[in-house]
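This report goes through one protein model, from the chain as a whole to single residues. The sequence and the model come first.

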Amino acid sequence: MRVDIITIFPDYFGTPAKGAGPLGVSLIGKAAARGELDFRLHDLRKWATDVHHTVDDTPFGGGPGMVMKPDVWGAALDDVLTGTGAVAAASAASAACAPLARLIVPTPSGTPFTQGHAAAYAAERRLVFACGRYEGIDSRVVADARSAMAVDEVSIGDYVLAGGEAAVCVILEAVCRLLPGVWGNEQSAADDSFGGGTGEEGDPMRGLLEGPVYTRPRSWRGREVPPVLLSGDHKAIARWRRDEALRRTAAVRPDLVSQMISGTAGGAAILDARDRTVLAEAGFPVDGESMAH
Ligand code: JEE
């Protein structure tokens with residue numbers, strides 16, 4: 001997969017080719033070293049035409065801060081997509097026949113980024129990320145890009161960052177661990193059953209958060225590993241894990257439990273009698289039962 005990142009802070013991403021920075025280490029770094037990932041960093045200021053390499057201007061209509069200029073972004077996207085590298089060389093015609101790629105624009109006003117997006121991006125040949133700064137990018141840039149390619153405006157969460165770079169790192173980490181050949185993929189990625197995510201149909205843990213996990217030693221600072229996990233009784237272990245997952249999800253993400261219940265005709269298809277007891281104890285009415293407290 002080829003990944004282009006356009007930013008005024010290419011240094012933010014370190015030197016992926018040298019194994020340094022967020023894209024150079026761990027699984028992403030190893031996939032890059034094997035040639036499965038090809039990162040290209042682009043300094044947006046390269047496409048600024050004035051002597052000060054200006055990329056921002058005051059917002060029309062007034063208001064705080066600055067907005068990134070559409071002409072600079074348009075030239076950058078044209079060049080990166082056509083692969084010319086020449087400043088403002090791309091015509092509308094050459095942009096129209098740009099190689100298939102998806103443009104991803106992180107923004108606080110975007111669609112919430114989910115595991116579903118990560119899976120879709122992992123299936124693409126080429127991703128292009130546009131990192132904004134200041135108060136964001138002139139809205140016409142995305143409108144214009146949509147005439148040539150698929151464009152996603154996504155948000156990684158309900159808080160305000162100073163720019164899109166950190167969001168790109170988050171998105172790439174979620175995407176790259178799903179790539180075929182990236183270690184852990186066969187096991188861990190297939191196990192992903194995160195709420196609203198890509199857990200397979202019939203996965204008993206789909207839509208739930210994972211419960212607690214343990215490793216050796218069995219006893220640590222007077223705290224014991226739950227005996228069921230040492231029992232060798234796989235059925236009992238699976239049941240315990242589901243109970244813990246239900247309890248944890250009810251406690252920290254009641255919205256996911258509600259989604260599970262409402263999305264499946266009262267949860268009939270996916271909630272057994274034991275599930276209903278566990279959820280009732282956690283204060284969730286299931287199947288017309290009243291709240292436990
Ligand atoms: C990209 C610039 C900073 C600050 C206006 C008005 C917005 C942009 N989950 C996420 N949080 N933040 C980002 C993100 C932030 C960015 C850019 C992504 C480019 N910025 C910026 C303020 C404003 N504010 C009041 O409501 C909040 C806009 C992001 C992602 N992905």
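## Basis and overall composition

Helices (H or I, at least four residues) and strands (E, at least two) are DSSP runs, numbered from the N terminus. The model is predicted, and local features need pLDDT of at least 70, side-chain atom pairs count only at pLDDT 80 or more, and totals for chains, interfaces and linings use all residues. Residues are numbered from 1 along each chain as its sequence is written, and side-chain values use heavy atoms, with hydrogens and water left out.

The protein chain has 10 helices and 9 strands. Of its 293 residues, 41% count as buried (under 20% relative accessible area, with exposed over 50% and partly exposed in between; 1.4 Å probe, protein chains only). Contact means heavy atoms within 4.5 Å. Among contacts between residues at least 6 apart in sequence, 65% join residues at least 24 apart.

Helix α4 spans residues 115-122, and its buried residues are Gln115, His117, Ala118, Tyr121 and Ala122. These residues lie on the same side of α4, because they cover an arc of only 155 degrees around the axis; the arc is that of the directions from the helix axis to the C-beta atoms. An α-helix has 3.6 residues a turn, so residues three or four places apart point the same way. The packing partners of the buried α4 residues are β5 (102-112), β6 (126-130), β7 (150-155) and α6 (165-176).

Threonine 114 lies in the loop between β5 and α4. Threonine 114 is partly exposed, with a relative accessibility of 34%. The C-alpha atom of threonine 114 is 9.2 Å from that of alanine 174, a residue 60 places away along the chain.

## The second largest pocket

Pockets were located on a 1 Å grid over the protein atoms alone: a cavity is a set of points where a 1.4 Å probe fits but cannot get out, whereas a pocket is an open set with protein on both sides within 12 Å along at least five of seven lines, and lining residues have an atom within 4 Å of a point. The second largest pocket has a volume of about 560 Å³, where grid points are joined across faces, edges and corners and the volume is the space filled by probe spheres set on the points.

This pocket is lined by 32 residues, and those nearest its centre are Pro106, Thr107, Pro108, Glu135 and Gly136. Two or more lining residues come from each of α2 (70-82), β5, α5 (140-145) and β7. The largest share, 6 residues, belongs to β5. The lining of the second largest pocket comprises 19 nonpolar, 9 polar and 4 charged residues (Ala, Val, Leu, Ile, Met, Phe, Trp, Tyr, Cys and Pro count as nonpolar, Asp, Glu, Lys and Arg as charged, and the others, Gly among them, as polar).

Arginine 133 is in the loop between β6 and α5 and is buried at 17% relative accessibility. Leaving out residues up to four places away in sequence, arginine 133 touches Ile8, Phe9, Met68, Ala162, Gly163 and Glu165. Tyrosine 134 is also found in the loop between β6 and α5. Tyrosine 134 is partly exposed, at 37% relative accessible area, and its phi is near 55 degrees, a positive value in a residue other than glycine.

Glycine 164 sits in the loop between β7 and α6, buried at 5% relative accessibility. Beyond neighbours within four places in sequence, glycine 164 is in contact with Pro106, Cys131 and Gly132.

Leucine 179 lies in the loop between α6 and α7 (185-191) and is buried, with a relative accessible area of 6%. The C-alpha atoms of leucine 179 and methionine 1 are separated by 8.8 Å, although the two are 178 residues apart along the chain.

## Cysteines

A disulfide is a pair of cysteine sulfur atoms within 2.5 Å, and the count by this rule is 0. The sulfur of cysteine 169 has its closest cysteine sulfur in cysteine 131, at 8.1 Å, which is too far for a bond. Cysteine 169 is buried, at 13% relative accessible area. Cysteine 176 is likewise buried, at 1%.

A cis peptide bond, with omega about 0 degrees, joins arginine 216 and proline 217. Proline 217 is in the loop between α7 and β8 (219-220). Arginine 221, in the loop between β8 and β9 (223-224), has a positive phi of about 50 degrees although it is not a glycine. Arginine 221 is exposed, at 72% relative accessibility.
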